[in-house]
Amino acid sequence: MHVVALLPRNLLHHLRFVLGEQHTLTVAEDAAALHSLLRSSDADLLVVDPSMRDGMWERSMEEIVAAYPHVPTIVYTMLTPPAMRIVVRLARVGLQHVVLYRFDDEPRRFLELIERTPAHPLAEAMLQELAVPLRALPVMVSRAIEQLFRSPARVKSAQELAKLAGMIPRTLNRHLMPVGLQPRQLLVCSKLLRTYTLVREPGVRIKEVASRLGYADPDHLTEQLREWTGCSPRDLRSTLTPDQFVRMLASHLRQTAEHDVEDATEPV
């Protein structure tokens, strides 16, 4: 998971401890840097203290939470009247999670909240579509696929997906083949799911979306989108509902799986 944070030193130190080595943390120096990070990277979670520096970034935090609804936000702050006033303002623009320093930031509970929060609705819908093959897989493999869809920025290659599952790529392929899944297809599917969310943000161009998702060439993302769904980025903005888009991706995955099974059973 990729966590982006803007916190005072003591809260940041505790967040680093909570995340450990299993998640990536990028730290912003100020509100402008935070905005730049969210524009240029595919963050899974934002952790901020809007009351730091005596609330000088309060307005900026409000604008950021409203501008990036696809990035879940946790306010991590101290229990003070000014901080609670700011929390109320942020709640009006979508804030849902607040953690108080030295009250409810016990490491295990805090980590559970961090890992549970980035449950993107499209990712959960796709995992429901894949429920049958996922149940047939070893637990470590199915959990790795769940994390891939919930935090696509965390997994950039088939090798990393295999590592997440605790095995080498060849072993991962051996587990996935009987249920008709391929690491590469799963990786592309997870990126296209995030594409739908990102491209519908006001003023965002496909070039920016491609950069956030790790594509060197935005045309490559557009080509994959057309291959999987027959749609253009403009279609995602104007005509397709989330449910329709998820069904299109799931249909392509199933068709690919059926084709692979047929190829595997042909006599040599």
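**Figure 1. Cluster of Tyr76, Tyr101 and Phe110 in the predicted model.** In this predicted model, ring pairs join Tyr76, Tyr101 and Phe110 into a cluster. Tyr76 and Tyr101 are both buried.

**Figure 2. Stacked pair of Tyr196 and Phe245.** The aromatic pair formed by Tyr196 and Phe245 is stacked, with 5.0 Å from centre to centre and 25° between the planes. Because Tyr196 lies in helix α12 (residues 183-199) and Phe245 in helix α16 (residues 242-265), the pair ties together parts that are 49 residues apart in sequence. Both Tyr196 and Phe245 are buried.

**Figure 3. Charged end of Lys191 and the ring of Tyr215.** The charged end of Lys191 is placed over the ring of Tyr215. Its distance from the centre of that ring is 4.9 Å.

**Figure 4. Largest nonpolar core and the contacts of Met126.** The largest nonpolar core has 47 residues, of which Met126, Phe149 and Phe245 touch the most other members. Two or more residues of this core are given by each of α7 (121-129), α9, α10, α11, α12, α13 (206-212), α14 (218-229) and α16. Helix α12 supplies the largest share, nine residues. Leaving aside residues up to four places away in sequence, Met126 touches Phe149, Cys189, Leu193, Val246, Leu249 and Ala250. Another core, of 22 residues, lies apart from the largest one. Its members include Leu6, Ala28, Trp57 and Met61.

**Figure 5. Buried and exposed residues of helix α7.** Leu122, Ala123, Met126 and Leu127 are buried in α7. Viewed down the axis of α7, these buried residues fall within an arc of 140°, so they line one face of the helix. Pro121 and Gln128 are exposed on the other side of α7. Met126, one of the buried residues of α7, is also among the residues that touch the most other members of the largest nonpolar core.

**Figure 6. Buried face of helix α11 and its cover.** In helix α11 (residues 169-176), the buried residues are Thr171, Leu172 and Leu176. Down the axis of α11, the buried residues fall within an arc of 135° and therefore line one face of the helix. The exposed residues Arg170 and Arg174 are carried on the face of α11 turned away from its buried side. The cover over the buried residues of α11 includes α9 (139-150), α10 (158-164) and α12.

**Figure 7. Surroundings of Arg150.** Arg150 is located in helix α9. With a relative accessible area of 29%, Arg150 is partly exposed. The side chain of Arg150 makes a polar contact of 2.7 Å with the side chain of Glu124. Arg150 and Asp44 are 106 residues apart along the chain, and their C-alpha atoms are separated by 8.3 Å.

**Figure 8. Surroundings of Ser190.** Ser190 is part of helix α12. Its relative accessibility is 2%, so Ser190 counts as buried. A polar atom of the Ser190 side chain lies 2.8 Å from the backbone oxygen of Leu187. When residues up to four places away in sequence are not counted, Ser190 touches Leu148, Phe149 and Pro152. Of these, Phe149 is also named among the residues with the most contacts to other members of the largest nonpolar core.

**Figure 9. Surroundings of Thr73.** Thr73 is situated in strand β4. The relative accessibility of Thr73 is 8%, so this residue counts as buried. Not counting residues up to four places away in sequence, Thr73 touches Leu46, Val48, Val65, Leu95 and His97.

Terms used: Residues numbered from 1 in each chain as written. Predicted model: local features only at pLDDT ≥ 70, side-chain atom pairs only at ≥ 80, totals over all residues. Heavy atoms only, no water. Buried < 20%, exposed > 50% of the residue type's maximum accessible area, 1.4 Å probe, protein only. Phe/Tyr/Trp six-rings, centres within 6.5 Å; stacked < 30°, edge-to-face > 60°. Helix = DSSP H or I, 4+ residues; strand = E, 2+ residues; numbered from the N terminus. Lys NZ or Arg CZ within 6 Å of the ring centre and 35° of its normal. Arc of directions from axis to C-beta. Contact = heavy atoms within 4.5 Å. Polar contact = N/O pair within 3.5 Å; in protein donor to acceptor, adjacent residues only side chain to side chain. Core = buried A, V, L, I, M, F, W, Y, C linked by side-chain atoms within 4.5 Å.
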